[in-house]
Amino acid sequence: MKVTESGNSKHRQLRLEDYLQRVSAEQREYAEVCAPAKMTETDSTNTNEQMEGLLEQILSAENLNQAYKQVKRNKGAGGIDGMQVDELLPFLKDHKNELLQSLWDGKYHPKPVRRVEIPKENGKTRKLGIPTVVDRLIQQAITQVLSPIFEKQFSDNSFGFRPHRSAHDALQKCQIHITEGYKYVVDMDLEKYFDTVNQSKLIQMLSETIRDGRVISLIHKFLRAGVMADGLFEESPEGVPQGGPLSPLLGNIMLNECDHELEKRGHRFVRYADDMMIFCKSKKAAQRTLDHILPFIEGKLLLKVNREKTKVAHVRYVKYLGYSFYIYRGEGRLRIHPKSIQKLKDKVREVTGRSNGMGIEERRIKLNQVVRGWTNYFKLADAKTLLKNVDEWLRSRIRMVTWKRWKKVRTRFENLKKTGIAREQAWMWANTRKGYWRTAHSPILTKALSNERFKRIGYLSFSECYSA
């Protein structure tokens with residue numbers, strides 16, 4: 001073992017790659033902030049061999065610097081103390097020694113997470129727990145060290161919140177299973193998964209791999225930190241609060257045992273976080289699989305299965321990660337689920353609302369972000385005709401909000417003339433008493449605000465982004 005002083009340049013040097021526009025002066029400041037005043041370092045940095053020195057790796061200057069950059073990139077709202085991400089660096093400059101010392105001594109106590117409720121499609125809400133930015137920094141540092149260790153243990157059938165894996169990979173794996181004849185699925189729904197994780201079971205799973213008791217203790221403190229909701233403190237005897245960098249990793253660790261049990265039984269399955277589908281060749285086999293796996297999930301993993309939402313069905317009747325499936329000439333294919341279309345339209349209505357206060361340029365930028373992001377996610381689906389119809393609807397929304405913005409008769413008259421509408425027609429339509437949505441579909445406004453004009457202005461279309 002050797003002791004490294006804070007002046008050692010090895011622990012003060014920053015890696016600049018992948019860091020978003022940080023000036024060199026601030027980089028040097030943070031190098032000094034995160035260099036621990038005194039720390040113990042082992043000669044080995046191999047995570048497979050150095051399982052008892054994980055805290056040293058977590059609190060190393062390089063790892064903390066990288067964690068800070070990631071927290072900075074992720075941005076996000078502050079926790080219960082009100083500190084924002086931009087205030088993290090000044091805080092660390094002033095309090096680095098006491099923060100690190102409390103972590104070394106095992107006396108660090110995370111603050112309760114701030115409860116935020118996000119609306120879900122079914123009208124209910126999803127509870128998120130937003131940690132303070134300091135706690136997010138420490139959680140991120142823990143995640144960066146533990147992820148490579150547990151990544152080697154995770155199943156190839158798990159795709160959520162893992163490096164170099166995405167929802168698209170999960171969907172393509174589903175297509176393979178369907179094409180190979182596995183046309184019935186157990187669509188598994190874990191009831192409030194992150195809120196009902198048994199913490200004792202999770203700590204037991206962590207302890208089987210992590211032999212550094214200091215790290216286990218620190219993770220346990222994060223789990224038991226509690227929640228602040230409407231100004232009142234609530235204990236957290238169970239669950240893993242969603243919203244922190246550590247939660248996705250802990251969620252995967254908890255379900256990893258289920259993955260390996262399914263593999264041991266020879267099942268075809270795909271899991272993305274807590275969304276899991278088990279593929280079978282017949283409805284009878286799928287029902288039998290469900291009956292046999294339920295006791296393991298509820299009895300061994302101590303998780304709750306939502307019996308009402310968990311179902312056995314043909315693949316064409318299930319929704320997975322926003323997509324639906326169909327079979328064409330024996331091949332598993334993807335469609336966009338109707339609920340995903342409805343969700344998109346709700347978002348577009350929000351952006352093109354007549355009273356949302358957005359300016360012309362701001363609305364165009366926001367709409368383009370929606371079009372580009374949504375199309376990139378659903379590019380695996382067969383949706384050429386569908387997106388053509390969505391484009392027509394989107395153009396009508398833009399015409400409607402533009403007509404509303406023109407408001408006065410004189411303004412409408414002048415703008416219609418500028419777009420090439422004859423004076424007499426322009427005056428007639430400028431004085432129309434028809435509603436905004438009906439006017440948006442009129443031949444005059446369709447001609448005045450044509451698709452070509454929208455393209456010249458810079459509006460993107462779903463069809464063009466999909467075909468690109």
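In the predicted model, strands β12 and β13 pair in the antiparallel sense over 6 bridges. One of the residues involved is Y326, whose bridge partner in β13 is R333. The two strands belong to an open sheet of 3 strands, arranged in the order β11-β12-β13 with antiparallel pairing. The edges of this sheet are taken by β11 (319-320) and β13 (331-336); each has a single partner strand, so one side of each is left without a neighbour in the sheet. Strands of a sheet pair through backbone hydrogen bonds, and the pairing can be parallel or antiparallel.

Antiparallel pairing also occurs around strand β5. Strand β5 (residues 184-189) is joined to strand β9 (residues 275-280) by 6 bridges, and the two run antiparallel. Within this pairing, Y184 has C280 in β9 as its bridge partner. Strand β5 is also joined to strand β10 (residues 311-314), in this case by 4 bridges and again in the antiparallel sense. Here D187 stands opposite K311 of β10.

Aromatic side chains were examined next. A pair of aromatic rings is described by two values, the distance of the centres and the angle of the planes. The count comes to 10 aromatic pairs. One of them is formed by Y323 and Y377, with 5.8 Å from centre to centre and 55° between the planes, and this pair is tilted. The pair links distant parts of the chain, as Y323 lies in strand β12 (residues 323-328) and Y377 in helix α13 (residues 360-377), 54 residues apart.

A second pair consists of F454 and Y459. The ring centres of F454 and Y459 are 5.6 Å apart and the planes stand at 85°, so the pair is edge-to-face. F454 has a relative accessible area of 3% and is therefore buried. Y459, at 9%, is buried too.

Ring pairs also link residues into a cluster, made up of Y323, W374, Y377, F378 and F462. The cluster thus includes Y323 and Y377, the two residues of the tilted pair.

Charged side chains are found over aromatic rings as well. The charged end of R335 sits over the ring of Y326, at 3.9 Å from the ring centre. Y326 is also the residue that has R333 as its bridge partner in β13. In another case, K345 lies over the face of W393, 5.2 Å from the centre of the ring.

Rolling a probe the size of a water molecule over the atoms shows where empty space is left. The count comes to 3 cavities of 30 Å³ or more. The largest cavity has a volume of about 110 Å³. Its lining consists of 16 residues, and Q139, F222, L223, P241 and S247 are those that lie nearest the centre of the cavity. At least two residues of this lining are supplied by each of α5 (133-151), α9 (213-223) and α10 (247-264). By class, 10 residues of the lining are nonpolar, 4 are polar and 2 are charged.

Conventions:
Residues are numbered from 1 along each chain as its sequence is written. This is a predicted model: local features need pLDDT of at least 70, side-chain atom pairs count only at pLDDT 80 or more; totals for chains, interfaces and linings use all residues. Side-chain values use heavy atoms; hydrogens and water are left out. Rings of Phe, Tyr and Trp (its six-membered ring) pair if their centres lie within 6.5 Å; planes under 30 degrees apart count as stacked, over 60 as edge-to-face and the rest as tilted. Buried means under 20% relative accessible area, exposed over 50%, partly exposed in between (1.4 Å probe, protein chains only). A charge sits over a ring if NZ of Lys or CZ of Arg is within 6 Å of the ring centre and within 35 degrees of the ring normal. On a 1 Å grid over the protein atoms alone, a cavity is a set of points where a 1.4 Å probe fits but cannot get out, and a pocket is an open set with protein on both sides within 12 Å along at least five of seven lines; lining residues have an atom within 4 Å of a point. Grid points are joined across faces, edges and corners, and a volume is the space filled by probe spheres set on the points. Ala, Val, Leu, Ile, Met, Phe, Trp, Tyr, Cys and Pro count as nonpolar, Asp, Glu, Lys and Arg as charged, and the others, Gly among them, as polar. Two strands pair if DSSP finds at least two bridges between them.
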